[in-house]
Amino acid sequence: MAAILDQQPDPPPFACQECGACCAYAADWPRFSLEEDADIARIPEAMVAPDGSGMRWTGERCAALSGTVGEHVACTIYADRPIVCHDCVAGDEACLMARERHGMSITLP
Ligand code: SF4
Ligand code: SF4
């Protein structure tokens, strides 16, 4: 999920694989920014928003998110996820906002 990230503090304050709140926060969150066309082309077309602005949103979550938010989740395009997803780090401001929305703990160790 989201963020199963490269920049996590060690140890990360929350387990992204048990969360996924940032992947189910807002339709305009997993948007494209500095991606090259080739980066976007690696993402299945069915998971890209019709206007090409970012990831497709299905129901209340990113189309690439699998599993149950707050239990066990995974990003099915992890290697090719948008830059914003790379940049979201467990425990940062966006993470805490998303977790709070989903009623999850935002208490940092
Ligand atoms: S692309 Fe992956 S990491 Fe990014 S919002 Fe969607 S499921 Fe989460
Ligand atoms: S909201 Fe935070 S803990 Fe949850 S998946 Fe995103 S970065 Fe990880």
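This report walks through the fold of one protein chain, from its overall layout to a few single residues.

The structure is a predicted model: local features need pLDDT of at least 70, side-chain atom pairs count only at pLDDT 80 or more, and totals for chains, interfaces and linings use all residues. Residues are numbered from 1 along each chain as its sequence is written, while chains are lettered from A and ligands numbered from 1 in the order in which they are written.

## The whole chain

Let us begin with the layout. The chain has three helices and four strands; here helices (H or I, at least four residues) and strands (E, at least two) are DSSP runs, numbered from the N terminus. Along the sequence, the pattern reads α-β-β-β-β-α-α. The radius of gyration is 13 Å, close to the 13 Å that the globule rule gives for 109 residues, so the chain is as compact as a globular protein of that length. That radius is taken over C-alpha atoms, and the globule rule is 2.2 Å times the number of residues to the power 0.38. The C-alpha trace spans about 40 × 25 × 20 Å along its principal axes.

Of the 109 residues, 34% count as buried. A residue is buried if 20 or more other C-beta atoms lie within 10 Å of its own, exposed if 12 or fewer, and partly exposed in between, with C-beta atoms placed from the backbone.

## A hairpin of two strands

Strands β3 (residues 65-68) and β4 (residues 72-75) run antiparallel and are joined by four bridges. Two strands pair if DSSP finds at least two bridges between them. Three residues lie between β3 and β4 in this hairpin, and G70 in the turn has a positive phi of about 85°. Across the pair, L65 has C75 as its bridge partner, and S66 stands opposite A74. Which residues of β4 are on its covered face? They are V73 and C75, whereas H72 and A74 make up the uncovered face.

Helix α3 (residues 93-101) has four residues listed as buried: C95, L96, A98 and R99. Seen down the axis of α3, these fall within an arc of 165°, so they line one face of the helix. The arc is that of the directions from the helix axis to the C-beta atoms. E93 and E100, on the other side of α3, are exposed. After the helix comes G103, with a positive phi near 75°.

The largest nonpolar core has 25 residues, of which A21, C22, C23, L65 and C95 touch the most other members. β4, α2 (83-87) and α3 each supply at least two residues of this core, and α3 gives the most, with three. A nonpolar core is a set of buried Ala, Val, Leu, Ile, Met, Phe, Trp, Tyr and Cys residues joined through C-beta atoms within 7 Å.

C62 is found in strand β2 (residues 61-62), and C19 sits in the segment before α1 (37-41).

| Residue | C-beta neighbours within 10 Å | C-alpha distance |
|---|---|---|
| C19 | 26, buried | 7.9 Å to R99, 80 residues apart |

Leaving out residues up to four places away in sequence, C62 touches C23, P30, M55 and W57. Two residues are in contact if their C-beta atoms, placed from the backbone, lie within 7 Å. Among contacts in the chain between residues at least 6 apart in sequence, 63% join residues at least 24 apart.
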